[in-house]
Amino acid sequence: MASRKHISIRGTVQGVGFRPYVYGLAKRLSISGFVRNSDGGVEIEAEGDEVEAFLAELQDRPPVLAEITDIGIKNLKFRNETGFQIIESYPTVSGLALVPPDIATCHDCLSDFTETGNRRHLYPFTNCTNCGPRYTIVQDVPYDRHTTTMAAFRMCPACEAEYHDPDDRRFHAQPNACPVCGPQISAPISEVREWLSDGAIVAIKGLGGYHLACDATNHGAVERLRERKRRGNKPFAIMAQSLEEVERFCEVDASERSFLAGARRPIVLLRRRAEAGLSTAIAPGNRHLGVMLPYTPLHQLLFLDAPFTALVMTSGNLSEEPIVSREEELTRLAPLADRFLTHDRAIQTRMDDSVVRVFRGRHLFVRRSRGFAPEPIDLGMPVRDLIAVGGELKNTFCLTTDHYAILSQHIGDLENYQTLEFFRETLDHMRRFFRVRPEAVAHDLHPGYLSTRAAFEMADLPRIGVQHHHAHVASCMAERRLAGKVIGVAFDGTGYGTDGAIWGGEVLLCDYAEFERRYHLRYVPMAGGDAAVREPWRVALAYLRDCGLQAADAPALTVVPEKRRLAVETMLERRVQTVNTSSCGRLFDAVSALLGVCLENCYEAQAAVELEAMAFDGAPAFGFDFGGNEIDLRECIRELVSAKGKGQPVSLLSARFHQTVANAIIAACEKLRASEGLTRVCLSGGSFQNVTLLEATVGGLERAGFETFWQSKIPGNDGGLSLGQAAIANALARSS
Ligand code: ZN
Ligand code: ZN
Ligand code: FE
C-alpha cells in the first residue's frame, strides 16, 4: 500500500556513506522522496508501495560503519511524487549530530592506491565514504566539506564528479581528494625511507598529530629517541608493515588479529616472542609490545618497498605534554626529531592512538582515542545535559545529553600547562559541537586535581563532587546499562577517600546515587607521598612492618642504600609524612619490590606490569583474612616472603599472589551476597587492566555464580572516570 513517511535516524550516520546507501535502496524499491543530513543525524521522506520493506532494510542492514541508535517514524500525507534525491544538508539549531571517528584506509581505497594507472596510484590522501579522516578534520557540525579542514582544497572536476555521483563510492566523501587537487606531502617519500633506514628520527604528520618514527631494528636510533623523549623505561609502540610481520615478533590470536587489522586500528598490546630482531630498547623489561598496523595511505606509502618492516611510532611530544598537531608547534619537536615529514591538510583535533588489550575476545581500553572518540555511549535512558571533568591521570571528560554520553579522546595527565590547555580547547570544541547546555559539572573529590580546579572555574554551574571509586563502579554500570544496587569492586592506584586516606582496594555496595564502603584492603602507611609511588620499596617496608617482619627478611630490598631505608623506617615508625592507603596499586608495588622484580617505577604501574609479566594462571593462593571491614593480606605477605626465602621461583610467587588477590575479592563479594542478596559484581579501576588478575577474578566470580561486569567500551582505568561522574551527577540531579 502506498504511503509517505518521515524518518529521522540518529546515531553515527554522517560521513559513513549513509545517504548514498539510502539513495541506492530507494532506487531499488522504487521509493520517491529525499534524504539529507540533519543536525541530529539523517532525515528521510519516503513514499511508495514498499516503504515498509525500505524501513526494514534500513534497520536490518545499514552500512558497515553506521550505528543507528534511534529511528523516529511519522506518517505524512501522500504526495504522489516521483524520483528520489539527496538534498544538501543545512544546519538547524537543536538536536545532536554525531561525528564519526577516523577510520583506517578501506580495501577499495587500498586497491586504488596500489593499482598502477589509477589516478590515485600511490596518493597518500586517498579516502572514500567508508574510510579516512573524520573527527580530526571536522571544525563544525553538520559534517560537510566546508566544515572540515578540507575546505581549503578545491576539488578538481574529476573529484567533483565523484562527489556528486550517488553511484560512486566517493559520493559526498567530505575529505575526497586526488593528486591533482588534494593535500601534498612535504618531501619525496623515497627520501623519507632513506632517512629512516639511515637511523634518523623523523617526525611524521598523521591523523591526529605527529608521530616520532625510527627504524625499530636500529638499536642506536631507538635509544636516542628514548633519551630525547626523556622517557625512562616507558615502552614505545611500533607500527608493523603487515600482519605477517607482527606475527614474526608477537603471539597473535584471532580476536587480536581482528582488532589489529580492523577499521579502527588501535595499538594492541601483544605478547612478544623472544627472538624478534627488534631493538631491546623498545619496551625494556616488558613481555608485551604495543603494535599497530598502517592506518593511512601515507603509512602504506612509507612501508612500500621500504628497507624496514617495523617502525617505532610514538606520539610526537615531550614526555607528558599533548601530542603536537599544528605546524606552529613544530618547534617543540625540533629537539626531538632529525627530520620532518609534514603535509598541508590541517589537523583540527589532536588525537593520540588508542591502546587496547584483548580479554576474552573483547578489547580493554588502556587509552580510548583515535578510531573510537567521539563515538557516543548510548546509555539506554534519558540523561541531563552535564559536564564531568574526569580525573587527573589519563584524563578524559564526558558530556551527557539526550540518551548519550560523549567521552573526549584521551587528554593525558593533567599535570602541566599544555595538557590543561588541551583539556580546555577540547572541552570548548566539544561543547559547541554537541550543543550541550550543561546544568551542572561533576568532578572528583580531590581538591588538588587540575580537573577539579577546572570545574571550580565554571562558576555559573552547580558542582557535584564524586568519590573516585564510586565513579569507577558507576562508569562500569553506565557502560553496561545497569540500574539498582550492585557490588562494586574498584581496585586501582590512587583515589581520594572520604576519610583523608588514599583509597584503591575498595569493595562498595552502591547504585548511582549512593555508595557504602563495605570492604577495603587493610591500610598501610605510605611514607613520603609521591615518593612512595615512585619507589615501591617504601611500601614494601610498610607491608613488612605491618606483618611484624624486618627489611632483612626480604633480601631483595638490600639494594636500597641503608641510609635511605632507615630514613623511611623512621618515618613509618614515627608516622611522619605518612598517609594511610588501601591502594591495590601500592600492594602490587610492594610485592614487586619484595620479590626483587621492580624497586623503582620509571613510569606509572611499571612494578605491577613487570610483576604480571612473570605470572601464569592457576597457581595455589596464599592465605588472607578479614578483620572488620578490612581485607587483611598479612598472611599472604608472610607466606610470600618465606617462600621466596626458601627459593620458590618468582614467577610462581607472582602467580600465587595474583590468585590470592582474586580470591580475596571473591570472598568479599560472597560476604556481600550473603548479607545483601546481591549477585551482580562490577569490576573497575586500573588494576583490572592486569589481565591475569582480571581473568582470575572474573573466572572465580563466575564459578561462584555471580553475574560479572567489566568495561570494554570505555577504559576501566581513570580514563573512564568521567562517565561514572556523569552517571552519578545525573542521578543526583534527578533526585534533587
Ligand atoms: Zn575507502
Ligand atoms: Zn581531485
Ligand atoms: Fe582510579
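This is a predicted model: local features need pLDDT of at least 70, side-chain atom pairs count only at pLDDT 80 or more; totals for chains, interfaces and linings use all residues.
**View 1. Four cysteines around the zinc ion (ligand 1).** Here the zinc ion (ligand 1) is coordinated at 2.3 Å by the SG atoms of Cys106, Cys109, Cys128 and Cys131. Angles among the four donor atoms span 102 to 122°, giving a tetrahedral site. Reading along the chain, the donors are spaced C-x2-C-x18-C-x2-C.

**View 2. The iron ion (ligand 3), held by two histidines and two aspartates.** The iron ion (ligand 3) takes NE2 of His468, NE2 of His472 and an OD atom each from Asp492 and Asp718, at 2.0 to 2.2 Å. What is the arrangement of the four donor atoms around the iron ion (ligand 3)? It is irregular, because the donor atoms subtend angles of 87 to 167°. In sequence, the donors are spaced H-x3-H-x19-D-x225-D. Both histidines sit in helix H12 (residues 468-479), four residues apart, or about one turn of the helix. Histidine 468 has 0% relative accessibility and so counts as buried, and histidine 472 is buried as well, with a relative accessible area of 1%.

View 3. The strands line up in the order S16-S19-S18-S17-S20-S21, with mixed pairing. At the edges are strand S16 (377-378) and strand S21 (463-466), each pairing on one side only. Helix H11 (residues 450-457) packs on the sheet, where it touches S20 and S21, and its direction makes about 160° with that of S20. Within the sheet, strand S17 (residues 386-388) and strand S20 (residues 440-444) run parallel and are joined by three bridges. Isoleucine 387 has valine 441 in S20 as its bridge partner.

**View 4. Histidine 343, a buried loop residue.** This histidine lies in the loop between strand S13 (339-341) and strand S14 (355-359). Is histidine 343 buried or exposed? Its relative accessible area is 7%, so histidine 343 is buried. The side chain of histidine 343 reaches the backbone nitrogen of arginine 345 at 3.2 Å. Leaving aside neighbours within four places in sequence, histidine 343 is in contact with Phe125, Gln184, Ile185, Lys205, Gly206, Leu298 and Glu327.

**View 5. Phenylalanine 18 in helix H1.** Phenylalanine 18 is found in helix H1 (residues 18-28) and is buried, with a relative accessible area of 1%. Setting aside neighbours within four places in sequence, its contacts include Ile9, Val13, Val42 and Leu58, and also Pro62, Pro63, Ala66 and Ile68. For a sense of scale, the C-alpha atoms of phenylalanine 18 and isoleucine 666 are separated by 47 Å, with the two residues 648 residues apart along the chain.

Note on methods:
Residues are numbered from 1 along each chain as its sequence is written. Chains are lettered from A and ligands numbered from 1 in the order in which they are written. Side-chain values use heavy atoms; hydrogens and water are left out. Donors are N, O and S atoms within 2.8 Å of the metal (3.2 Å for Na, K and Ca); water is not among the atoms, so sites may look incomplete. Four donors count as tetrahedral if all angles lie between 85 and 135 degrees; four count as square planar and six as octahedral if opposite donors are over 155 degrees apart and all others between 65 and 115; anything else is irregular. Helices (H or I, at least four residues) and strands (E, at least two) are DSSP runs, numbered from the N terminus. Buried means under 20% relative accessible area, exposed over 50%, partly exposed in between (1.4 Å probe, protein chains only). A polar contact is a pair of N or O atoms within 3.5 Å; within protein, one must be able to donate a hydrogen and the other to accept it, and residues adjacent in sequence count only if both atoms are side-chain atoms. Contact means heavy atoms within 4.5 Å. Two strands pair if DSSP finds at least two bridges between them. Axes are lines fitted to C-alpha atoms, for helices over the stretch in contact, and angles run from 0 to 180 degrees between N-to-C directions.
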